[in-house]
Amino acid sequence: MAGYLITDTKKITSTCFIEMKQRGEKISMLTAYDYTTAGIIDQAGVDGILVGDSASNVMAGNSDTLPITIDEMIYHARSVAKAVKRALVICDMPFGSYQISREEGIKNAIRIMKETGVDALKIEGGAEIADTIKGIIHAGIPVMGHLGLTPQSIHKFGGYGLRAKTESEAKKLMDDALCLEQVGCFGITLEKVPAQLATQVTQGVNCATIGIGAGNGTDGQILVYADMLGLTHEFKPKFLRQYAHLYDTITEAVGHYIADVKSTDFPNAQESY
Ligand code: KIV
């Protein structure tokens, strides 16, 4: 079986991400939102698991990430944290939980850490949110930033297209990355930005960059697990590589089950008490 052999089962911390960057070891990340999936992904050897607010789309069927609440994120993050032994578990702070004030952001960050058992938080935005991030890090909580396509601001941007295409947008993104590094972020997610810019940012900061639709020059990669496993079969952006086709596998298995029930083949004598 092709795969990644885990030889080191020691828990990965946020500082490990920076050490991996320093020694040139690429960082693998996936999302997860529930106990069972997180347990499988962790034992397969992924370095980081993000309890993304993409749970709003993948788990709750919303068309964007805005509706998911702190309580719902806590439910998902607690389930994931219980399953994970090795990977660094990062939880997204949802829309509305850190934008109102620095104090409220710090309070909500502490609540998520207390009630979930995750290792770190991820927060969207650059310089405009840096003071809040600084306060959260001062409270002892590792923070990963998120620049480029920031889905919580989708109504401001008006779409899910490539970000930082112009020189001035690229400069702002670089300045934001430097600002996030300065306030102490251990990592920055770079979503849907030109590969060349993501490489420049990666070379310009000491914290670890994790790309999604940002080319091959970042320190690591992240995908939404349901997309890379082919559960969400209609979502096929250019940056996505599908490693399985579980939509088809599940449809076929359910079809067999239905046929077996209808034909009275299931349950048979061995499957009965
Ligand atoms: O919520 C999420 O899944 C994310 C990733 C796409 C990086 O933020």
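Lysine 192 counts as partly exposed at 22% relative accessibility (buried is under 20% relative accessible area, exposed over 50%, partly exposed in between, with a 1.4 Å probe and protein chains only). This is a predicted model, in which local features need pLDDT of at least 70 and side-chain atom pairs count only at pLDDT 80 or more, while totals for chains, interfaces and linings use all residues. Residues are numbered from 1 along each chain as its sequence is written, and side-chain values use heavy atoms, leaving out hydrogens and water.

Backbone

- Most residues other than glycine have a negative phi, and most peptide bonds are trans.
- Lysine 192, in the loop between β6 (187-191) and α9, has a positive phi near 45 degrees; helices (H or I, at least four residues) and strands (E, at least two) are DSSP runs numbered from the N terminus.
- Alanine 164 has a positive phi near 55 degrees and sits in the loop between α7 (154-157) and α8 (167-183).
- Alanine 164 is buried, with a relative accessible area of 9%.
- The peptide bond from phenylalanine 266 to proline 267 is cis, with omega near -5 degrees, and proline 267 is in the segment after α11.

Helix α1

- Ser14, Phe17, Met20 and Lys21 are the buried residues of helix α1 (residues 14-22).
- They lie on the same side of α1, because their arc around the axis is only 110 degrees (taken from the directions from the helix axis to the C-beta atoms).
- Just after α1, glycine 24 has a positive phi of about 75 degrees.
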